[in-house]
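Open the model in your viewer and keep the selection panel handy. We will go from one stop to the next, with something to pick at each.

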Amino acid sequence: MGPYEVIDPAFRQLILQNAVLQILGQDFGWLEGPVWFGDANQLLVSDVPNDRILRWTEDAGIGVFRQPSGFENGHARDRQGRLIGCSHQNRCVTRTELDGTLTVLADSYEGRRLNSPNDVAVHSDGGIWFSDPHYGINTDYEGGKQEAELPARVYRLDPVSGRLAVVADDFTGPNGLCFSPDERTLYVTETGGQFAPDDPRHIRAFAVSDACRLTGGAAFHSVSPGLADGLRCDQDGRVWTSAGDGVHCVSPEGALLGKIRTGSTVSNLTFGGRNRSRLFICAAHTLMAVYTNVRGAAWP
Ligand code: MG
């Protein structure tokens, strides 16, 4: 039954029995931050240790989109279609303008430098929500060892005032984030210090109020094996999350429905392709894709 592991029979309706797990490219440093550009029919994806953003298209395969990249990790697009990125090395959130120039959107909070923005999601009101853990400045491998100046938090950048606000500060290590299709829920992964076996490794669900505040934040689903680094919702509100053995599909109620086994750790994933039904998977050093029977949320 291919790469699938069915936990709940409902999972059978979400996958295609004859779809294969394709390898689109391999032998990269460490892949993260995939983002789909339907208008260009391309995927952009970070190869973090090699300080570059790669571009994949069906016709041309893999090429380099930008190098150096400031060791960018997570990506999203805003409603104007611009690329929003999280730079480890430069400790900031960037926007690539339509003419290709780079704008720094946020690099400090109350006079202190951000740590290493990791992942980002854009609300329909233009607010930019991102996590700022320490992972990217802990080592030279993914951006360069630097001193942390702030606790690990989640922030919202206001699209009108440009002001940064702390929206969650009770994390050990916040990581991936994504909105539910109705934007009433923000899922944020907690990956702790990533080293101790008892570090937290679950997905938290927050209620979003007035498009700018979070309440709640209870554990929604605990991933095992491995960590929930990045995640995406499909248009029916299921959560597809990375894990230590592939991609896990979780119901809106938090129950594991099934797995796509990749044979390796998965960091991040995103839906793309025509109809947003193709799942692009950053499986450690390999870029994979598989067609599914669901469609990704319109604005992941
Ligand atoms: Mg991440």
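**Stop one: the metal site**

Select the magnesium ion in this predicted model. Its protein donors are Asn-118 (OD1), Asn-175 (OD1) and Asp-229 (OD), at 2.1 to 2.2 Å from the ion. Along the chain, these donors of the magnesium ion are spaced as N-x56-N-x53-D. Now colour by strand: Asn-118 sits in the loop between strand 12 (112-113) and strand 13 (120-122), and Asp-229 in the loop between strand 20 (213-222) and strand 21 (231-233), so the pair ties together parts that are 111 residues apart in sequence. Asn-118 is buried, at 4% relative accessibility, and Asp-229 is buried too, with a relative accessible area of 12%.

Next, select residues 128-132, which make up strand 14; 5 of its 5 residues are buried. In a regular strand, side chains alternate between the two faces of the sheet. Here Ile-128, Phe-130 and Asp-132 lie on one side, with Trp-129 and Ser-131 on the other, and all are buried.

Val-122 has Ile-128 as its bridge partner. The two strands form a hairpin with 5 residues between them, and Gly-126 in the turn has a positive phi of about 95 degrees.

Then show strand 15 (residues 153-157), which pairs antiparallel with strand 14 over 5 bridges. Look for Trp-129 opposite Arg-156.

**Stop three: the nonpolar cores**

Finally, which residues touch the most other members of the largest nonpolar core? Among its 19 residues, they are Phe-11, Trp-240, Val-247, Ile-260, Leu-279 and Ile-281. Strand 26 gives the most to this core, with 3 residues.

Notes: Residues numbered from 1 in each chain as written. Predicted model: local features only at pLDDT ≥ 70, side-chain atom pairs only at ≥ 80, totals over all residues. Heavy atoms only, no water. Donors = N, O, S within 2.8 Å, 3.2 Å for Na, K, Ca; no water. Helix = DSSP H or I, 4+ residues; strand = E, 2+ residues; numbered from the N terminus. Buried < 20%, exposed > 50% of the residue type's maximum accessible area, 1.4 Å probe, protein only. Core = buried A, V, L, I, M, F, W, Y, C linked by side-chain atoms within 4.5 Å. Pairing = 2+ DSSP bridges.
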